[in-house]
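Subject: Structure for you to look at

Hello,

Here is the structure I promised to pass on. Please open it first, then read my notes below.

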Amino acid sequence: MSKVNIKDQYIKLGQVLKLSGMVGSGLEAKIVIHQGKVKVNGEVELQRGKKLHNGDVVTYNGETTKILQC
């Protein structure tokens, strides 16, 4: 499981996918999210701008990333 450290209260789902290397671009993030291929805390998420907070877990294409607040 990889980790994305955030300094603010939240980070948006599309940003997490890019920062973690799960996708190569914002456009790719938008496409896979709208296709229902991304899960947040075990639930399919269709909003690219979904705010993720400390402890949230993102899963896509067999990879998992956890959000940690610094």
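Start with Asn-41. Leaving aside residues up to four places away in sequence, Asn-41 touches Gly-55, Asp-56 and Val-57. Keep in mind that this is a predicted model.

Where does Asn-41 sit? Look in the loop between strand 3 (38–40) and strand 4. Asn-41 has 44% relative accessibility, so the residue counts as partly exposed. The cut-offs matter here: buried is under 20%, exposed is over 50%, and partly exposed is in between. From Asn-41 to Leu-52 the C-alpha distance is 9.9 Å, and the two are 11 residues apart in sequence.

The backbone of Asn-41 deserves a look too. Its phi is positive, at about 55°, although Asn-41 is not a glycine. Most residues other than glycine have a negative phi.

Asn-61 is another case. This residue is not a glycine either, and its phi is positive, near 55°. You will find Asn-61 in the loop between strand 6 (57–60) and strand 7 (63–69). Is Asn-61 buried or exposed? Its relative accessible area is 61%, so Asn-61 is exposed.

Gly-62 is in the loop between strand 6 and strand 7 as well. Gly-62 counts as exposed because its relative accessibility is 77%. Now find Met-22. Gly-62 and Met-22 are 40 residues apart in sequence, yet their C-alpha atoms are 9.6 Å apart in space.

Next, go to Val-16. This residue belongs to helix 1, which covers residues 13–19. Val-16 has 0% relative accessibility, so it counts as buried. Which residues does Val-16 touch, not counting those up to four places away in sequence? The list is Val-4, Ile-11, Leu-52, Val-58, Thr-65 and Ile-67. Take Val-58 from that list. Val-16 and Val-58 are 42 residues apart along the chain, and 8.1 Å separates their C-alpha atoms.

Last, the surface. Lys-12, Lys-18, Lys-30, Arg-48 and Lys-51 form a positive patch there. Arg-48 is one of these residues. Its place is the loop between strand 4 (43–44) and strand 5 (51–52). Arg-48 is partly exposed because its relative accessibility is 39%.

- Asn-41 and Leu-52, with 9.9 Å from C-alpha to C-alpha.
- Asn-61, for the positive phi.
- Val-16, for the contacts with Val-4 and Ile-11, among others.
- Lys-12 and Lys-18, which are among the residues of the positive patch.

Over to you.

Best wishes

Definitions and conventions:
Residues numbered from 1 in each chain as written. Predicted model: local features only at pLDDT ≥ 70, side-chain atom pairs only at ≥ 80, totals over all residues. Heavy atoms only, no water. Helix = DSSP H or I, 4+ residues; strand = E, 2+ residues; numbered from the N terminus. Buried < 20%, exposed > 50% of the residue type's maximum accessible area, 1.4 Å probe, protein only. Contact = heavy atoms within 4.5 Å. Patch = residues over 30% accessible without salt bridge, like charges linked within 9 Å, V, L, I, M, F, W, Y side chains within 5 Å. Areas by Shrake-Rupley, 256 points an atom, 1.4 Å probe, with all protein chains shown as cover. Salt bridge = Lys/Arg side-chain N within 4 Å of Asp/Glu carboxyl O. Lys, Arg positive; Asp, Glu negative; His and termini not counted. Charge placed at Lys NZ, Arg CZ, Asp CG, Glu CD.
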